[in-house]
Amino acid sequence: MKFNPVLETIVSYEAGKPIELVVREFGIDSKDVVKLASNENPYGCSPKVEAAVSKVISKMALYPDDSMMNLKTGLSNKFDVSEDEIIIGSGSDQVIEFAIHAKATKGSKVLMNSITFAMYEIYAKQVGAEIIRTASREHDLDEFYALYLEHKPEIIFICTPNNPTGDAIDAASLKSFLAKIDSETLVVIDGAYMEYTRFKDESKSVTPKELISAYDNVLYLGTFSKAYGLGGMRVGYGIARADIIKAFYKLRPPFNITTLTLEAATVALEDEAFVQDCIAKSFAEMERYNDFAAKHNIEVIESFTNFITLVFDAERSASNLAQELLERGMIVRDLKGYGLNAIRVTIGTPAQNDRFFELADSLL
Ligand SMILES: *Cc1c(COP(=O)(O)O)cnc(C)c1O
C-alpha cells in the first residue's frame, strides 16, 4: 500500500524499553528489572492521588468532563494565568502536535537544538515541514538567533532543561532572546522538567506567567509525567495567550483526557510537598552519579533535572554498556540515535542507583 510520502522521512519514536520486554527477552524476573530510562519519578505519585482515583473508578461508564474544569482551575491557580490561556493534552506531547499543526504546513521551517526531544521533529515532518538545527550540543541562543534571521522559521522549539542532555538556559538570556523574535514566530518553551530546575537554580527557571505576560508568541509546555509521577496517566498542558489556545482547540479531539487522569492530575497539583520532597531526593542522589563519573573518567553534562547524561570518550562504547546493562535487567537510555556516545540515566531511588553502580562498576 502507498502512504503519504512524508511518512518515508519519519523514523518512529523509540520509547525507553519497557520492563515487560526485558522480562520476555532475557528471562529476568520483573522485580529484578530496574528502569532508569524514561525520566519517570521513581517514588511514584502522591499517595493522595491513588486514593482519589479509586473513588472515581465508578464513573468509568460516563464520558469525562470535557471542560476539564477542576484541572484547569488548579493550573490557573498554580500559575496565576486565566483558564482560557490553558489547554490540556494527552501528555504535553499532544500539545506539541497541536502547536505544529496550528502553525506549520508543507515547506514551513521549524528551528530546534541539534540534540533535543525527538517528538518535535516527528510532528514537524508529519506536516512536511523542514527541520533546521543548531550545531552545538547545548542550547546556544546566539546560534538560534542567527538561524532565525537566516530562515525565519514558523516555530522555534526551546527545551529547557533539555532532554536528553540535562542542561538549562539562563532565564535572563532566554528573555532577551524572546524579545528579539517577531510575534508571528511561535516560540515553544518546553518546561517538562522545569520543577527540577526551579529547585536547583532559580536563575535558570522561568514561569509561564512571566513569559506570556511579556510575549504574545510564546507557548509554555508542562507535564505531569515527570516530577508529578503520572507518566502512566498521559497528561500535560500548554499555556499561552488566549488567541493561541483558541486556535489549538480547533485541533483537539473531544474527551482527550480520561476521567481517571483528570482526577489524578487535579489531586497531584494539591500535594506540592510530595513533589518537592522527591525532587530533593533526586538531586541528593545525583551527587553519587557525579562521583561515579569522576571515578571512571566519564564526562557529565551538568544536569538541572532528574536524569544525568554520561558522555564516553572514543575508546569506550556507551552503546555496548547500555546493552550489557540491559541484559542484566538495568534499562538506561542509549543516546547513539542522537549522535552521542553517551547514556542517559534517570536518577532512581537509592536502591535502584546502588544497583546501577554495582553493575556499571563491574562492566567498566
Ligand atoms: C517527557 C517529555 C515530554 C512530554 O511528556 P508527556 O508524557 O507527553 O507529557 C515533553 N517534552 C520533553 C522534553 C520530555 O522529556
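Analyst: The axes of helix α6 (residues 141–151) and helix α7 (residues 171–179) come within 11 Å and cross at roughly 10°. Axes here are lines fitted to C-alpha atoms, for helices over the stretch in contact, with angles running from 0 to 180 degrees between N-to-C directions. That makes α6 and α7 roughly parallel, because angles under 35 degrees get that label, while over 145 is roughly antiparallel, 65 to 115 roughly perpendicular and the rest oblique. On the α6 side the contact uses Leu141, Phe144 and Tyr145, and on the α7 side Ser173, Leu174 and Phe177; contact means heavy atoms within 4.5 Å. By class, that contact has 5 nonpolar residues, 1 polar and no charged. The classes put Ala, Val, Leu, Ile, Met, Phe, Trp, Tyr, Cys and Pro under nonpolar, Asp, Glu, Lys and Arg under charged, and the others, Gly among them, under polar.

A few ground rules: this is a predicted model, where local features need pLDDT of at least 70, side-chain atom pairs count only at pLDDT 80 or more, and totals for chains, interfaces and linings use all residues. Residues are numbered from 1 along each chain as its sequence is written, and side-chain values use heavy atoms, with hydrogens and water left out. Helices (H or I, at least four residues) and strands (E, at least two) are DSSP runs, numbered from the N terminus.

Now for another helix pair. Helix α4 (residues 92–103) and helix α5 (residues 118–126) have axes that come within 9 Å and cross at roughly 40°, so α4 and α5 are oblique to each other. Asp93, Ile96, Glu97, Ile100 and His101 in α4 meet Met119, Tyr120, Tyr123, Ala124 and Gln126 in α5. The α4–α5 contact splits into 6 nonpolar, 2 polar and 2 charged residues.

On to the sheets. One is open, with 7 strands in the order β2-β8-β7-β6-β5-β3-β4 and mixed pairing; two strands pair if DSSP finds at least two bridges between them. Its edge strands, β2 (86–89) and β4 (130–133), each pair on one side only, and the twist averages 20° from one strand to the next. Inside that order, β7 (residues 218–223) and β8 (residues 236–239) pair in the antiparallel sense over 4 bridges, with Leu221 opposite Gly238 in β8. Helix α10 (residues 242–249) lies across β2, β6 (186–190), β7 and β8, at about 35° to β2.

There's also an open sheet of 4 strands, ordered β9-β10-β13-β12, with antiparallel pairing. β9 (299–300) and β12 (333–334) are at the edges with a single partner strand each, so one side of each has no neighbour in the sheet. β12 pairs with β13 (residues 342–346) over 2 bridges, and Asp334 stands opposite Ile343 in β13. Helix α13 (residues 318–327) packs on this sheet, touching β12 and β13, and its direction makes about 40° with that of β13.

α13 also packs with helix α14 (residues 350–363) at an angle of about 125°, their axes 10 Å apart. Leu321, Glu324 and Leu325 of α13 make the contact with Phe356, Leu359, Ala360 and Leu363 of α14.
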